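The sequence and the model are shown below.

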Amino acid sequence: MRTCEVCNGSEQVHLHRQHFLFPGLAQPVHYNVVACQGCGFAFASDIPDQSALDQFYQSVEHHLHTELPSGLARIHAQFFQFIEAHADVSQDASILDIGSGMGHFLAHFKQAGFERVLGMEPSPAAAEQARATYAIEVKSATVDAFDTPERFQLISLCGVLEHIADLRRSLAKIATLLADGGYLFVAVPDAEAFGRATPAEPFLEFALEHINFFSRMSLDNLMRGNGFEKVAVISQHNDFYDNHYLLALYRKVDTSAASWACDDVAAGSLRQYVELSNQALAPVHLLTEQLRASAEPVLIWGAGSLTSRLLCDTPLGKANICGIVDRNRNLQGKALLGVTIADPSTLATQTDTTVFIASTTYAGQIRDTLVQQYGWRGRILSLVTGAAQ
């Protein structure tokens with residue numbers, strides 16, 4: 001059980017249990033979504049240790065986009081514009097992007113004339129792609145293992161803090177990399193917004209690697225307690241994932257404030273999110289129950305986070321699954337429910353089979369591929385549209 005990373009409290013309120021079944025696992029795993037009774041910070045308890053999470057990233061290679069989708073490009077541009085508006089950083093400043101992926105975000109700084117840019121990314125393949133695509137240096141390392149004598153004027157954490165199990169240790173390490181008075185940019189999903197609208201993908205925010213659920217208050221509490229003062233924080237919608245992110249800028253200061261203000265909104269927002277996700281899951285449950293009852297052969301396109309949840313939350317795992325395909329080469333060859341994950345190119349001989357698209361972000365693109373490239377004659381089902389017309 002995790003203790004609270006903000007106040008070190010051990011008393012928790014249980015909000016939800018999320019199950020996952022990933023390629024290579026014989027049995028499902030789970031974590032519990034909880035809120036600290038002391039300060040209100042919401043997080044996942046009963047999770048794998050940080051080394052296991054790091055290994056998960058290296059093998060699955062999340063967010064590795066050779067061709068950056070336009071929606072993600074807009075998000076990176078908005079992050080850069082926020083920093084430009086609120087941080088006084090000269091063009092000779094030294095900048096570090098932690099969790100830099102392929103370097104798409106750092107490229108904005110390079111294009112704006114910043115020369116001293118460095119990325120840090122656990123995935124070796126992503127680091128190599130950053131060097132090849134943007135000629136940006138990216139070190140393949142985790143936060144804990146990264147070491148350099150350089151002190152940076154700006155460090156960015158885009159979609160990073162929600163993944164880290166030991167937040168205080170990681171922030172202490174980040175503080176040693178940041179120059180006195182330097183800026184820390186943080187972008188994390190906004191937990192206050194989770195319960196405002198029915199999600200297109202049920203329980204999207206409860207991915208295995210999403211283990212911290214920040215509101216403005218809990219993020220401020222965490223940062224203030226680890227030697228950072230707030231400069232600016234906003235909540236901003238992004239249309240690519242159809243969710244809200246907190247964009248926050250902090251400065252490194254000499255002292256840490258041990259006091260915290262109670263977050264009284266996150267738990268309620270997460271409860272509402274669970275209810276809305278269950279509502280969105282109901283028609284999917286009905287559809288997958290029909291697939292189970294018919295015993296018709298079903299091919300699943302997608303073996304990622306959504307599939308990992310649907311196999312546990314719906315009857316999909318009891319359907320007559322005849323094949324699973326995924327474009328991620330690191331998943332290909334692994335087994336899921338005894339079925340070996342294959343490259344989509346193998347679909348050429350199965351065009352009469354019912355396909356279940358286990359993706360919301362790329363559902364339209366996958367549907368077009370099935371119809372236009374393979375001349376698909378079987379039913380095409382997804383969370384977005386149900387059955388093909």
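In what order do the four strands of the open sheet lie? In this predicted model, the order is β1-β2-β3-β9, and the pairing is antiparallel. The edge strands, each of which pairs on one side only, are β1 (12-20) and β9 (212-213). Within this sheet, Asn-32 has Ser-45 of β3 as its bridge partner.

Strand β11 takes part in two further pairings, with β8 and with β10. The antiparallel strand pairs are set out here.

| Strand | Partner strand | Bridges |
|---|---|---|
| β2 (residues 29-36) | β3 (residues 42-45) | four |
| β8 (residues 178-189) | β11 | seven |
| β10 (residues 228-238) | β11 | 10 |

Strand β11 spans residues 243-252, and eight of its 10 residues are buried, so the strand is largely enclosed by the rest of the structure. A hairpin with four residues between the strands is formed by β10 and β11, and Asp-242 in the turn has a positive phi of about 55°.

Is Ser-218 buried or exposed? Its relative accessible area is 1%, and because the cut-off for a buried residue is under 20%, Ser-218 counts as buried. Ser-218 belongs to helix α6 (residues 216-224). A polar atom of the Ser-218 side chain lies 2.9 Å from the backbone nitrogen of Ser-215. Beyond its neighbours within four places in sequence, Ser-218 is in contact with Val-6, Phe-41, Phe-213 and Asp-263.

Technical notes:
Residues numbered from 1 in each chain as written. Predicted model: local features only at pLDDT ≥ 70, side-chain atom pairs only at ≥ 80, totals over all residues. Heavy atoms only, no water. Pairing = 2+ DSSP bridges. Helix = DSSP H or I, 4+ residues; strand = E, 2+ residues; numbered from the N terminus. Buried < 20%, exposed > 50% of the residue type's maximum accessible area, 1.4 Å probe, protein only. Polar contact = N/O pair within 3.5 Å; in protein donor to acceptor, adjacent residues only side chain to side chain. Contact = heavy atoms within 4.5 Å.
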